[in-house]
Structures are given as structure tokens and as C-alpha cells.
Amino acid sequence: MTMKTTAPKDRAPQDEPAKLSSTAQGFTRNLNTGLGAMLVKILAIAVLDATALFAVFLAVAKDALLIASIIAVITLVINAIYFKRGWLPAKYLAPGAVFLLIFQVFVIGYTGYIAFTNYGSGHNSDKDDAIMSLLQSNQQRVPESAGYPVTVLEGADGLALLVEREGQSLMGDVQHPLAPIDPDALGQYTQLSFADLLGRQQEVTSLAVPMSENPADGTLRTSDGRTAYQYTSTLVYEPNADTMTDSTTGLVYRDTGVGAYSAPSGEQLMPGWSINVGFDNFTRAVTDSSIRGSLISVTAWTFGFAFLSVATSFFLGLFLAIVFNDLRMKGRKVYRVISILPYAFPAFLGGLVWAGMLNKDFGYVNQVLFGGASIPWLTDPWLAKFSVLWVNLWLGFPYMFLVCTGALQSIPDELAEAAKIDGAKPWQIFRLIKLPLLLVSVAPLLISSFAFNFNNFNVIYMLTEGGPRLADSGMNVGATDILISMVYKVAFVGSQRDYGLASAFSIIIFLIVSLVAVISFKQTKALEELN
Amino acid sequence: MSTSISTPRKAPKKGFGQWFAATGWRHLIGVALCIYAAFPLLYVLSASLNPNGTLLSSNGFFSTIGFESYAKLFANEQRPFAAWFANTMFIGLTTAAASVFLGALAAYSFSRMRFKGRRFGLVSLLVVQIFPQLLAVVAIFILLTTLGEVYPGLGIDNQIALIMVYLGGALGVNTYLMYGFFNTVPVEIDEAAKIDGAGHARIFFTMILRLVAPILAVVGLLSFISTTSDFVIASVVLVSPENQTLAVGLYSYVSEEFTSNWSVFAAGAVLAAIPVMALFLFLQKYIVGGLTAGAGK
């Protein structure tokens, strides 16, 4: 290597040293970053490409063409970035940017898309899936149909049914419709004995083998393991008219554009499918009185909670910083370390532990501190709000204490001394000189603390789960719920999950947070400091 | 407040009143502060050592001491605490290490290179970090459900998928903290190395990374803490008990068998808190520096 690098230098004419030495430098640099690093790079990209290729094949095999093309594009871009000369910044930014684009930027955009759909319980997939599952549920035995003698077999795919029909042996299981079977293949199956049939009765009775590829033909089921009957759906699907007819009542359900087959009376067949509903979720949030009321009260409490959390922890932190900022005092370090403990304690555990301590019937606070009183700390709307703030103060004041101590110590003593000589009293020195200087340095931190508490899910959910529940709300929303915990509850708690509405709430939070951010950026001018 | 006049040493026998007026009242507040800060922690420690187990019987402060709750904690098969602990450490450490690496790469390019779109990149990072990932939790859930249909290894209930989601937030605030610190390392060092023939990769991996080690520790720790205490995304992504993290698992302890299993939960809480608190106190100096640079908890 060293021999090669010196070679061009030797050949360089003496009269142009500057120009050629820079070429030589470039050459040297390339060689030095050379072999080892190059091998690692090629190897890493080869592994990446191989994985991506495999992933693309898998996606194509499962008809997920969008996923396949996204992976292909990302891989091509990465290859281009790392094999092209130059583009140095891109080489350093690409790895983080890929994750950022998919799991932060894309999902935010996707939230916006979901907010315009009715995605949720009963509207989970597309129309074809909904038709299929409607025809598979609601099945009844075809009236007065003849029974088929069957044998229950067990194979690699679970239980299967063997039927004799019109002198032909047919076999099928849950996934494979009845089909003629080669007698030789029967060797792979074992017949269930009578004792097995009794022991696995539930498994046997729930076995439904499709009669054919057409779901309208229904399924074959057996209740005793010997005779099977044809079951068909009470619903009949008319592909041309796109209607579902209930054959027992004669009621016709149509696709009226609400994401489910609906009867004229408004009754819907579930499951439905996910459709675009435009601004429905947003209009519901503002006009439906049961949702609007809770949305307004939750938004107000979110602001109140975030503001009061910052204010209380800031003032307690500032007060403590002042108290302990006296050089004559001994043992300040001990106090400081002990007071940091709540900050080091995981926040979610803090909420859970306090929930136990504040328990109405058995908690420490009521039983010991209040002598057996039963104060509803977590179940009365106003006391619960107080408790949430109290616990958040416990978790948050050490941060403000640390920050204020740092800010106070960085204010030069000369200022206070000069003011003292001019006859200022200690309180005046603090209020007119130290406090303004301190606020200048901690203001950005107060804003980011506000933004953090605005979405401080853990404290709320671990302590009260958002409860106690609001009486006048149509949703599962409580008095201490903040916007983010409401989103979580609407989307993931309980049997009725409404992803569309939850996403619409998320978008509302995005708008509020953006507004707060614009205001705070204007205040701190953080953007202008970037260079 | 530091207006103290140098107190003459020759008067060692000050009156109590004088002492109290000067620093004594501060100690009074200090003691009150310590009780407020440390009491809940002592309470959970005492509850974990209480063999009777219920919430009510945990009120006797350190009245009985035994380790039965810890034994029960590890014996419960429906709630595999050891697995939760291992999962949390795996997810937390992997996310922290990868975040530090990705963040450092980005911070290096922003700090040392001048390119078109650099300011735009910095501003977008600042803007993107305003919107925490948990706001998009519904979209993350649906995205992972869709991905899982194609690649079962990347779907719901998979820890690698969760780590990938967390890495979406690896740039953002981390890059900012690092960017500021990288700027304090003199560019002359890079230039000297360049003249000696080192390439950009060598400068980054062998020199810069060592010089910025303190900020790497801070970012790694902050990322570890925020990952291990995340409940929202972890609870949505991880479904089966043996895959869950401590935050999700311990919450299920409390939400389902609240009062009867209290000391077992408390034992779990103590064990879950120890690594985080130890790390925190150990790296306290660095963290306090990082905090004032603008990281919230």
C-alpha cells in the first residue's frame, strides 16, 4: 500500500507541487480508507440487498405489490448513495432517515388518511373479506337435507372430513374444500377413535368444511362424527345487484355507501368493510353532542394539566433552588441527591405506586395519614385531578430544581452586590434582577416541559386510567383524561374500537401542538440560531 | 441569596435563634423535601418485603420483613417477570445503542459538512420532533398489522418491529443534543487528520466518536429511559405476555389483581426500578448537563 501511494508523488514534476500533492492526497485518502472499510461496506450492502430481494419476493408472492415496490425503491436509493462517489452527507444521513421517514413521517401522514375512514371494530378489511365472512357466519342446516356418512380423520393440517358421495370418496378440511381424494394419500391420515371423538367433541363439532370453492354452497358439519349435514348461510349474495338477502326473513340488505350492507330500516350486517368517509369523523367530533362535550372538557383539562404541572413543578423547583443555594448551609449535596430520586424512578412505576397509596379503601394515605378516612382521591372528579397534579409534581419537581439551581448559579454575583450597594432589599434583588435573568434561560425549557406534559400519557393512565368516567359522555372518557389518553382509549380499550375517530382526535392534537410550537418558536427564535 | 457576609470565625457559640435564621430553617425545608421525595420509594420497598401481600397489610411500614413476594414474582407463570425484564433490557439497550449510532452519524454530517439542504434538514428535524410518535399510535398499529401479514417476523407482537418503530425517533432530539456537542470539537482536529491522510470514515469512527463520548452516554441513557418507560406503543405492539416489557406487564399486574397482589407488584417495581435508578445516579453529572440542553423527561 505505502509503495503505491508514494508512486504518483515520485512521478510528479517538481514545478507543480501544490496541484499534484492535492491529487496525491486524495489518492492516499482513498487508499487509506481502502480495503478493510471497503470490504465491510460491500459486505453490509450485500447482506442488505439479499435481505431486500428476499423480502420483495415474499411480498410479491403474497400480492403485496405496494410493499414490494417501496422496499425495492428504498434499497435502490441506498445502493446509489453508498456506491456513488461524493454524496458524503447522504451516506451519513441515510440510515437514520429511512427509519425517520417510515416510522415518524409516514405514520403521521397515514394517521391523516385513517382519520378520513371508518376503520375500526366491524370495519377492519375490504369488501370481499366482509362478504366472505358474512357468508361463513349465519349458517344453518339446509332444511330436510340428507345426511352424509362421514369419517373424522386427523392429518398434518388438523382435522379433516372424509365423505362418501355418489360412490366417490371426497375429503376436505377447514381450509381446503371437499375434493376427490387419491386412496393412496389416505395413509397419511389416522381415523379418530370413538373415545377421541368424545374427548375432542368441541373440536369436531366446530369443524366446518367448505362444500366447494363457492362460499354460497355452504359447509359440511357433523355433530356426532358419523353423519354430516350441509349447512348454508341464511344470507344469499347477489353479485350483480350487490345485495345480501336474508332467506329466512326476505329482508334485502344493500351497499348504501356506509361500509356495510344495510336494510332500509338502517339495520347493518356486521362485519362491514373500511371505506372513506370524508370529514365524517371530524364533523362527528364537533356536532355529536355526546362526543363534543367530552372533547371540549378533555381539551380544556389537557391545557390545564400541562400548564399547572409546569407551573407547580417550576415554582417548587425554584423555591428549593433558592433555599439550597446558600453556601453556608451544610449537607446540601445530600438533600440534592435525595430530591433527585423521584426523577430517576421510572414514571410509569411512580403512577402505579401512588395509585396504591391513594387507594380509597386500603391505601396508605387514607388508612394511616388520615386515620382510616375514605377520601375518594382517585374516584372523585376534582380530587382525582388534584391527585394527578400532585403525583406529577412529585415526578417533575426535581427536574426544575436541577435546572433552576444551574440557572441561579450562572448569574454573576456582581449584579446582586451592585444592587445591594444601591440599597436594594433581598426581595427586590430577587424579583427585579435574578428572576428576569433566570426566566430568560429557563423559558425554552418551560415550553418544552409544557409540550411534554401535554402528552404525558403515563402519569394519567397509570394513576387513574383517565377516570372517573364522565357521566354525560357517550364514549369511555373520564375526568382526568387528556387528549392522548382519550385517543388510546377510543382506539384500543374496550370492545368498540374506532380507529377512524381516534385518528381524527390525533389530527386535532397535531394542530394544537403545531400552534403551540409556532408560538414558542417565535418566542425563542430557535430557528434563527441554526447555522 | 448568596449575599452572605463572611461570618467571623471567632464566635463559634452562636445562639440557636441565629443559626436557625441563617441556615436552620433551610434544613427544616430540606427534611420535609426528603420525606416528600423519598417516602413513596421507601413505601414500595417496605411493601415488597411484606410477606402478607395485600395492599392493606402493606401499610405497616417495615413491620414485617420477608422475601416471599420476590419468590412469588418469579414463580408466576402467567406473568413471566424474568422474561419481561429480559425483554425490556433487550429492547432498551438495542434501541439506545442504535439510536446513538444513527444520531451520531447524522450529527457528524450536520456539524462537519456543508451541503445543499443542510439547514432544511436541521429545521425539519426540529419540526418533526415536536410531534411525538405516540400520537400516531393508531397508524403504527395498522402499519405493523399490514406488514405482519406479509412478514410475520415484523408484525404485531414482535420485538424487532417495536425496536424499528422506536428507531423512527432516533433522529430528532438526539441529533440536536449531539449536534451542539459535535460543534464544540474543534474542526482543526479533523483537518489535521485529513492532512495525515485519514478519510472521513476513519476520522468519524476513530477520533470524533471518542471525543464526544460524554454526549453519547447522555443520549444513550435518555433513549434507554424513554424506551423502557414507554407504555403506549409497547402495549399496542406486544400482545402475548412472554413478549411484553416491564411497563406493560407491571401495569397488567396492577390493573387486574390490584389489592390482593400488591406486594408481588411492589417487588417487581423495586427490581424494575433498580437498573434505571442506578444508571441515572451513576451518570448523574452528565445527565444534568444534558438536561439543561433541553431534554425533558
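What we have here is a predicted model, in which local features need pLDDT of at least 70 and side-chain atom pairs count only at pLDDT 80 or more, while totals for chains, interfaces and linings use all residues. Residues are numbered from 1 along each chain as its sequence is written, and chains are lettered from A and ligands numbered from 1 in the order in which they are written.

I will start with helix α16 of chain A, residues 426-454, where helices (H or I, at least four residues) and strands (E, at least two) are DSSP runs, numbered from the N terminus. Its buried residues are Ile429(A), Leu438(A), Val442(A), Leu445(A), Ile447(A), Ser449(A), Ala451(A), Asn453(A) and Phe454(A). A straight helix of 29 residues would span 42 Å at 1.5 Å a residue, whereas α16(A) spans only 36 Å between its end C-alpha atoms; the expected span is 1.5 Å times one less than the number of residues. Where does α16(A) have a kink? The kink, of about 50°, lies at Val442(A), shortly before the proline Pro444(A), and such a bend is the angle between axes fitted to the seven residues ending at a residue and the seven starting there.

Turning to the strands of chain A, two strands pair if DSSP finds at least two bridges between them. Strand β2 (residues 148-155) is joined by six bridges to strand β3 (residues 158-165), and the two run antiparallel, with a hairpin of two residues connecting β2(A) to β3(A). Glu154(A) stands opposite Leu159(A) in β3(A), and Glu154(A) also stands opposite Thr190(A) in β6(A).

There is also an open sheet of four strands in chain A, in the order β10-β11-β12-β13, with antiparallel pairing. Because β10 (235-238) and β13 (261-262) of chain A stand at the edges, each with a single partner strand, one side of each is left without a neighbour in the sheet.

Finally, I come to the two chains together: 85 residues of chain B are in contact with 96 residues of chain A, contact meaning that the C-beta atoms of two residues, placed from the backbone, lie within 7 Å. On the side of chain B that touches chain A, the largest share, 13 residues, comes from helix α1 (residues 16-48) of chain B.

Technical notes
Buried ≥ 20, exposed ≤ 12 C-beta atoms within 10 Å, placed from the backbone.
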